[in-house]
Amino acid sequence: MKRIFLVEDDKAIAKNLMLLLRSEGFAVIHASTRSEALVAITENKFDLALIDISLPDGNGFTVCTEIKETEDVPVIFLTASGDEASVVTGLNMGADDYITKPFRPRELIARIGTALRKSGRSGTDFEILGLHVDTASGIVKKNGKEIFLSALEYRLLLVFISNSKGIITRGKLLDELWDAAGEFVNDNTLTVYIKRLREKIENDPAKPQIILTVRGMGYRLRGEHASK
């Protein structure tokens, strides 16, 4: 799962962006100020940064500079309408793209996809027991044949892939899934979605070998897998 670093001080915009990005299968790290962002950079790894130029305690340019000095990840600036001087400054400082508020959600997702592809961070292939997931294209195949997952089923599968080295509690799954595809997920419907996903990806859903139940704790992904 690709990790997006969002630096945005407007609470409503930040909330909507996090909902959008998570529904598209991204993990999101959010900071609302320049100082919060600079701390988050030292504590987290991410694949792309979305940075508002205007922040309450400074501007996004210094955040961009810090990111580029730490790790070469794509940076997209969020700018106010008609602020051409800021756009030029941002691009000169190493930003990869900019998008002007208000923007269309699909345009932002397309811009993110383009920036990730250019940086070589667009996705990974994941394979386990005949299941093949191409996270760049979103295509899932079982024994060479494409299978079709709902948005929430695909999101659930991505959560397992991105947490493949440990046990995932039901609480964590609910936190990750509640906003995907605009559907409310509670404990009962989580059980239903795991059952549906198993029916599509397991050789024998009654005896799952890919998504394993850890009694009293949650679930984990089977250990013998390959990603590249």
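Is Glu24 buried, exposed or partly exposed? With a relative accessible area of 31%, Glu24 is partly exposed. Keep this residue in mind, as we will meet it again below. The structure you are looking at is a predicted model.

## The sheet

Five of them form an open sheet, and their order is 2-1-3-6-7. The pairing in this sheet is parallel. In general, strands of a sheet pair through backbone hydrogen bonds, and they may do so in a parallel or an antiparallel way. Here, strand 2 and strand 7 are the edge strands, each pairing on one side only. On average, neighbouring strands of the sheet are turned by 20° against each other, direction ignored.

Strand 3 and strand 6 (residues 75-79) run in the parallel sense and are joined over four bridges. Look for Leu50, which stands opposite Ile76 in strand 6. Helix 1 packs on the sheet, where it touches strand 1, strand 2, strand 3 and strand 6. The direction of helix 1 makes about 165° with that of strand 2.

Now find Asp52, which sits in strand 3 (residues 48-52). An unreviewed UniProt entry carries the annotation "modified residue: 4-aspartylphosphate" for Asp52. In the model, Asp52 has a relative accessibility of 5%, so it counts as buried.

Which residues does Asp52 touch, not counting those up to four places away in sequence? They are Val7, Glu8, Asp9, Gly60, Leu78 and Lys101. The side chain of Asp52 also reaches the backbone nitrogen of Ser54, at 3.4 Å.

Lys101 is buried, with a relative accessible area of 19%, and Glu8 counts as buried at 1% relative accessibility.

How many salt bridges does the structure hold? There are 11. One of them brings us back to Glu24, whose side chain meets that of Arg106 (2.8 Å, N to O). Arg106 belongs to helix 5 and Glu24 to the loop between helix 1 and strand 2 (27-31), so this pair ties together parts that are 82 residues apart in sequence.

Another salt bridge joins the side chains of Arg111 and Asp97 (3.3 Å, N to O). This pair links distant parts of the chain, with Arg111 in helix 5 and Asp97 in strand 7, 14 residues apart. Salt bridges with shared partners also join Asp97, Arg104, Glu107 and Arg111 into one network.

## An exposed loop residue

For a last stop, look at Asp72, in the loop between helix 3 (60-70) and strand 6. Asp72 is exposed, with a relative accessible area of 60%. How far apart in space are Asp72 and Leu48, C-alpha to C-alpha? They are 9.2 Å apart in space and 24 residues apart in sequence.

Key
Residues numbered from 1 in each chain as written. Predicted model: local features only at pLDDT ≥ 70, side-chain atom pairs only at ≥ 80, totals over all residues. Heavy atoms only, no water. Salt bridge = Lys/Arg side-chain N within 4 Å of Asp/Glu carboxyl O. Buried < 20%, exposed > 50% of the residue type's maximum accessible area, 1.4 Å probe, protein only. Helix = DSSP H or I, 4+ residues; strand = E, 2+ residues; numbered from the N terminus. UniProt positions renumbered as here; feature names shortened; annotations may be inferred. Contact = heavy atoms within 4.5 Å. Polar contact = N/O pair within 3.5 Å; in protein donor to acceptor, adjacent residues only side chain to side chain. Pairing = 2+ DSSP bridges. Axes fitted to C-alpha atoms, helices over the stretch in contact; angles between N-to-C directions.
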